[in-house]
Amino acid sequence: MLVIKAARKPVKRSRRPQIGLAVAGGGPIGGIFEIGAVRALEDAIEGLDMNALDVYVGISSGAYVAASLANRLSTAELCRIFITGDSDQFNFRPENFVRPAIYEYLRRLWGVPRLLLGGLAEFARHPFDLRVSDTLLKLGSLLPTGLFDNEAIERFLRDAYTGHGRSNDFRELARKLVIVAVELDSGQAVRFGTKDHDDVPISRAIEASSALPGLYPPVAINGRYFVDGALRHTVHASVAMDAGADLVLAINPLVPIDTAHANALGKSSPSSLVEGGLPAVLSQMFRTLLQSRMQASIPKYERQYSGSDLLLIEPDDDDTEMFFTNIFSFAHRKRLAEHAYQSTLKDLRTHRRALGPLLERHGLQLRARVLDDPERTLLGGLDGKPPRRSKATSKLHRALDDLDVAIDRESPATARSRSATRRTTKRTAPSSVHS
């Protein structure tokens, strides 16, 4: 489903239009959907380079996608890392998402003797004033704050962002990157990557932003604890607009299912989610909260950012593929990524008439040959791996990227022809250098 929020008061600018990406959370499967969607957007929109946007905003699993794109990992490489698993540079292990939080378990067990002694002392002082509710509340402090350990994820990202011309430092990126998390003890959103919050390693900020309470322990940063950024807002597209984005591409992978609609279309779905037990009920509740907040934000964008355009990509409400797949399962990631790719292309085809003038305002246009190709697939476009780069050639390609940024900011006319020149230059750059 594609939601278009066109600017009420489009502004004619002498500078090059600023384009941003805002990516919501949704667990590993949400991240897979987002990778398929950004790959489809890049394939189908002429002039859109997902590694050369002006601002990237990510929360939770969307923070992986946003940070990787801002760090010059192409959409094709993201597919190789997380979808096909045949990346030359990275060995991603899905089980890193579900490692038990052993340290957290032991830390909580360490408090058992102290709690028992305190309880006995309290009983001795007030033997006839024992309250079950108070006892249960105290016992609750023994429960771990998260089931799974997120340190392995942080280590993987740290390694990914410290080699081959990439950086784990917000301040060293050529493009603006903002990762949103929520401070646990105040409930306030914190924008890592902005002034006063840009000294935190990117990998650590992502770990904090994706620490969904109950599943992952809160992440300690500079003496404060942080949890999933989705607790405040669903997509945080306003962060990109605050940074000056004239067009924001937003992706929200989790929406509630309409079982009646799905069944009417002949899709396999239970008559009621009650049949799926507590997990299905909680999933529907969580998705409904996320989408309702997103819908409530649209009028706000129209009022406060009347000169900006917003394109929001979400699954349809009859999308059984996205609802009935375990969000922590990677077993069907190829199928789901292809599903996201095709559904995004379908949305662009359906709205091509309305999208044409909107995209043109930002120097972009739809590629009819891509939208009208019935045999086009996500994985079909991954043929022919790029040559493996040495450290020297990685630095060279990074320098070329930085040169692109400088040219874009200097001349809007030059920016319009940037994409073709950039790709030609990179193809002719050497793939390996021997010292």
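Rings of Phe, Tyr and Trp (its six-membered ring) were taken to pair if their centres lie within 6.5 Å, with planes under 30 degrees apart counted as stacked, over 60 as edge-to-face and the rest as tilted. On this basis the structure, a predicted model, holds five aromatic pairs. Among them, phenylalanine 82 and phenylalanine 156 form an edge-to-face pair, at 6.4 Å centre to centre and with 70° between the planes. Because phenylalanine 82 lies in helix H3 (residues 75-84) and phenylalanine 156 in helix H7 (residues 151-160), this pair ties together parts that are 74 residues apart in sequence; helices (H or I, at least four residues) and strands (E, at least two) are DSSP runs, numbered from the N terminus. Phenylalanine 82 is buried at 12% relative accessibility, and phenylalanine 156 is buried at 13%, where buried means under 20% relative accessible area, exposed over 50% and partly exposed in between (1.4 Å probe, protein chains only).

Phenylalanine 192 and phenylalanine 226 also form an edge-to-face aromatic pair, with 5.2 Å centre to centre and 70° between the planes. This pair links phenylalanine 192 in strand S6 (residues 189-192) to phenylalanine 226 in strand S8 (residues 224-228), 34 residues apart, and both residues are buried.

Serine 60, although not a glycine, has a positive phi of about 55°; this residue is found in the loop between strand S4 (55-58) and helix H2 (61-70) and is buried, with a relative accessible area of 7%. Asparagine 222, likewise not a glycine, has a positive phi of about 55°, but is exposed at 67% relative accessibility.

Local features need pLDDT of at least 70, side-chain atom pairs count only at pLDDT 80 or more, and totals for chains, interfaces and linings use all residues. Residues are numbered from 1 along each chain as its sequence is written, and side-chain values use heavy atoms, with hydrogens and water left out.
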